[in-house]
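Please read it alongside the sequence and the coordinates.

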Amino acid sequence: MLKGIMSIAGQPGLFKLVAEAKNSIIVESLVTGKRMPAYSTAKISALEDIAIFTETSEVPLKEVLKSISEKENGAAVAKIGSGNELKAYFEEILPEYDKDRVYVSDMKKIIQWYNLLQSKELLNFEEETSEAEINEEEKNA
């Protein structure tokens, strides 16, 4: 689901990997649809590699997005105003999140990413479940 989706520091929104060039990658903005090169000097983060700190470990971003989707019944998250409202919302979707290392700006970005991915219909949690089940079956065979 999150494969090939990335965030680029200093650029708004999320990007989809389109192709690889000699010294860069070509990405397409999920917001505008425009393509552009992203060079190795840019701070590029793949969404599938991002995890959220909790008191005991780290939770992959896809699990957090799944929790948001379940809470919102697959709909977009309505506007959340203040930092305290964001913290309360995060407390509901990820009760063990590390309050010292997960900032309000991180929470806001995750909500924005969820809304963007949801609006582009890129959230498919059933696919993730079936892959996990297949992997589990292969281990047991």
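**Helix packing, sheet and pocket**

Helices α1 and α3 are roughly perpendicular to each other, a term that therefore applies to angles of 65 to 115 degrees. This is a predicted model, in which local features need pLDDT of at least 70 and side-chain atom pairs count only at pLDDT 80 or more, while totals for chains, interfaces and linings use all residues. Residues are numbered from 1 along each chain as its sequence is written, and side-chain values use heavy atoms, with hydrogens and water left out.

**Helix packing**

- The axes of α1 and α3 come within 11 Å and cross at roughly 70°; axes are lines fitted to C-alpha atoms, for helices over the stretch in contact, with angles from 0 to 180 degrees between N-to-C directions.
- On the α1 side, the contact (heavy atoms within 4.5 Å) is made by L61, V64, L65, I68 and S69, and on the α3 side by I110, I111, W113, Y114 and L117.
- The contact of α1 with α3 comprises nine nonpolar residues, one polar residue and no charged residues; Ala, Val, Leu, Ile, Met, Phe, Trp, Tyr, Cys and Pro count as nonpolar, Asp, Glu, Lys and Arg as charged, and the others, Gly among them, as polar.
- Helix α1 (residues 61–71) and helix α2 (residues 83–93) have axes that come within 9 Å and cross at roughly 100°, and α1 and α2 are therefore roughly perpendicular to each other.
- V64, S67, I68 and K71 of α1 meet Y89, F90, E92 and I93 of α2 in this contact.
- The residues of the contact of α1 with α2 divide into five nonpolar, one polar and two charged.

**Sheet**

- Five strands form an open sheet in the order β4-β3-β2-β1-β5, with antiparallel pairing; helices (H or I, at least four residues) and strands (E, at least two) are DSSP runs, numbered from the N terminus, and two strands pair if DSSP finds at least two bridges between them.
- β4 (35–39) and β5 (44–46) stand at the edges, each with a single partner strand, so one side of each is left without a neighbour in the sheet.
- Direction ignored, neighbouring strands of this sheet are turned by 45° against each other on average.
- β1 pairs with strand β2 (residues 15–20) in the antiparallel sense over two bridges, and F15 in β2 is the bridge partner of M6.
- Strand β3 (residues 24–29) runs antiparallel to β4 and is joined to β4 by five bridges; A38 in β4 is the bridge partner of I25.
- The hairpin of β3 and β4 has five residues between the strands, and G33 in the turn has a positive phi of about 80°.

**Largest pocket**

- The largest pocket has a volume of about 450 Å³. A pocket is an open set of points on a 1 Å grid over the protein atoms alone where a 1.4 Å probe fits, with protein on both sides within 12 Å along at least five of seven lines; the volume is the space filled by probe spheres set on the points, which are joined across faces, edges and corners.
- The pocket is lined by 19 residues (those with an atom within 4 Å of a point), of which S7, I50, D106, K109 and W113 lie nearest its centre.
- The elements that give two or more residues to this lining are β1 (5–8), β6 (51–53) and α3 (104–119), and α3 gives the most, with five residues.
- By class, the lining has ten nonpolar, five polar and four charged residues.

Technical notes:
Parallel < 35°, antiparallel > 145°, perpendicular 65-115°, else oblique.
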